[in-house]
Amino acid sequence: MADALPHPKFSSTRRAGPLVFVSGQMAFGTDLRIVGNDVVEQTRTCLEHIERHLSAVGLTRADIVKTTVWLTRVDDFRAFDQAYGGFFEGMTLPSRSTVRADLMLPGALVEIEAIAQIKETQR
């Protein structure tokens, strides 16, 4: 298990007009250590964190319009994509950019950020 990260200095969510930006989420457990041994588990955890942050401002996963994803290993793309698709099953998929990158913590396999839109009826 990777070392815990000192509490990061950024806002988890930030509203700008009708958009809510959710900062990049890693598969952190409650002690800010990476949890999950594979990209599927870590992807689910990242997406659950995003969903929790959106819920705190009255939004759901269905409000996500764009995600950006960083994977540490290109070989994980297929498994990641299956887990990601399962999270959005039955709804319109957000647009997405996916790139390979080194992440800030050892053991981190994926990081995901999201942009959600507040609908006219929610404003």
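This is a predicted model: local features need pLDDT of at least 70, side-chain atom pairs count only at pLDDT 80 or more; totals for chains, interfaces and linings use all residues.
**Exercise 1.** Work out which strands pair with β2, and in which sense.

*Solution.* Start with β1, which covers residues 13–16, and β2, which covers residues 19–25. These two strands are antiparallel, with four bridges between them. To see how they line up, look at R14: across from this residue, in β2, sits F21. Two residues link the strands in this hairpin, and G17 has a positive phi near 60° there. Next, turn to β5, residues 110–117: this strand also runs antiparallel to β2, and five bridges join the pair. For a landmark, find Q25, whose bridge partner in β5 is I112.

**Exercise 2.** Describe helix α1: its span, its start and its cover.

*Solution.* Now look at the start, where D38 has a side-chain oxygen within 3.0 Å of the backbone nitrogen of V40. Then check the buried residues, among them V39, C46, L47 and I50. Their cover includes β1, β2, β3 (64–71), α2 (77–87) and β5.

**Exercise 3.** Decide whether T45 is buried or exposed, and find what it touches.

*Solution.* Begin by placing T45 in helix α1. Its relative accessible area is 15%. The cut-off for buried is under 20%, so T45 counts as buried. Finally, skip the neighbours within four places in sequence: T45 is then in contact with A27, F28 and V35.

Key. Residues are numbered from 1 along each chain as its sequence is written. Side-chain values use heavy atoms; hydrogens and water are left out. Two strands pair if DSSP finds at least two bridges between them. The expected span of a helix is 1.5 Å times one less than its number of residues. Buried means under 20% relative accessible area, exposed over 50%, partly exposed in between (1.4 Å probe, protein chains only). Contact means heavy atoms within 4.5 Å. A polar contact is a pair of N or O atoms within 3.5 Å; within protein, one must be able to donate a hydrogen and the other to accept it, and residues adjacent in sequence count only if both atoms are side-chain atoms.
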